[in-house]
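Dear colleague,

My findings follow after it.

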Amino acid sequence: EIAEEGGLAGPAAPTTPSLVVVGDGRVVQPGPTTMQYPGPLLPNLQERSITAEGIQRLLDLAGEHGLLADVTYDRPDGIMDAPDTVVTISAGGRTYEHRAYALGLAGDGRETDPDRARLQDFVEAVTAFGQSREDALGEEQPYRAEAYVVRAVPGEPETSPDGIEPRVVDWPASAPVRLADAGECAEVPAPAVADVLAGADELTRFVDAGVSYSVAAVPLLPGRGCGS
């Protein structure tokens, strides 16, 4: 998995990785986005198949870059509010987490520290592979989530700086999770909320038990959840 955590977005908002490779032969990554405002509430996640040979190729690449080992990365000075780049690799019965603050954000964008440079090169190579037309990869199709990770913050709807009035919709009465219980994080089964989330944009406010909430939501991905 390749992801970014923290930075200006903060630790609480649910986020999606830039790439997830699952051992059962799937690659999940964000698809194209538009400049539409307000944009959709949910990210455009795409899924494609990957062969066993393709997965082994990525593991070999991780080994070549020294990532099948525990590595501590130096933190650059003078960069504020940047995210951590987090690369997580599970192989051979072990899981390795590589966390580097502000990766590729100093100077001309190229890392000079050897460990950080190897991590940057790996991230770029795997990202390019995931977006390629390699024979090891199948055609893209929309990712179908079994659940969503939701965070809700109460507050009255306000007109955006552009003068756009937010739409106000009801949170489904049949949903097994109430928004009052989703202040930190909650996992909600897709059948109960998929339609209402898919029809919402980033300004939409949801009303539950007479209270208005701003909701952040992302599809639940393999290996992820409120505890990860």
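Does Arg110 count as buried, exposed or partly exposed? At 39% relative accessibility, Arg110 counts as partly exposed, where buried means under 20% relative accessible area, exposed over 50%, and partly exposed in between (1.4 Å probe, protein chains only).

Before the details, a note on conventions. This is a predicted model, in which local features need pLDDT of at least 70 and side-chain atom pairs count only at pLDDT 80 or more, while totals for chains, interfaces and linings use all residues. Residues are numbered from 1 along each chain as its sequence is written, and side-chain values use heavy atoms, with hydrogens and water left out.

Salt bridges

A salt bridge is taken as a side-chain nitrogen of Lys or Arg within 4 Å of a carboxyl oxygen of Asp or Glu. By this rule the count comes to 14 salt bridges. Arg110 pairs with Glu124, their closest N and O atoms being 2.7 Å apart. This pair links distant parts of the chain, with Glu124 in helix H2 and Arg110 in the loop between S6 and H2, 14 residues apart. Helices (H or I, at least four residues) and strands (E, at least two) are DSSP runs, numbered from the N terminus. Glu124 is partly exposed, at a relative accessible area of 38%.

A second salt bridge joins Glu134 to Arg57, with 3.2 Å between the closest N and O atoms. Here Glu134 lies in the loop between H2 and S7 and Arg57 in helix H1, 77 residues apart. Both count as partly exposed, Glu134 at 30% relative accessibility and Arg57 at 43%.

Helix H1

The 13 residues of helix H1 (residues 52–64) should span 18 Å at 1.5 Å a residue, and the end C-alpha atoms are 18 Å apart, which agrees; the expected span is 1.5 Å times one less than the number of residues. Gly54, Ile55, Leu58, Leu61 and Ala62 are buried in H1. Seen down the axis of H1, these buried residues fall within an arc of 115 degrees, so they line one face of the helix; the arc is that of the directions from the helix axis to the C-beta atoms. On the other side of H1, Ala52, Glu53 and Glu64 are exposed. The buried residues pack against strand S2 (20–22), strand S5 (83–91) and helix H2 (114–130), contact meaning heavy atoms within 4.5 Å.

Strands

An open sheet of three strands has the order S1-S5-S6, with antiparallel pairing; two strands pair if DSSP finds at least two bridges between them. Its edge strands are strand S1 (2–6) and strand S6 (94–101), each of which pairs on one side only. Eight bridges join S5 to S6, and Val86 has Arg99 in S6 as its bridge partner.

Elsewhere, four of the five residues of strand S4 (residues 45–49) are buried, so S4 is largely enclosed by the rest of the structure. Five bridges join strand S3 (residues 26–30) to S4, running antiparallel, and the partner of Arg26 in S4 is Ser49. Two bridges join S4 to strand S7 (residues 141–142), also antiparallel.

Arg26 also meets Glu47 in a salt bridge between side chains (3.7 Å, N to O). Arg26 in strand S3 and Glu47 in strand S4 are 21 residues apart.

Yours sincerely
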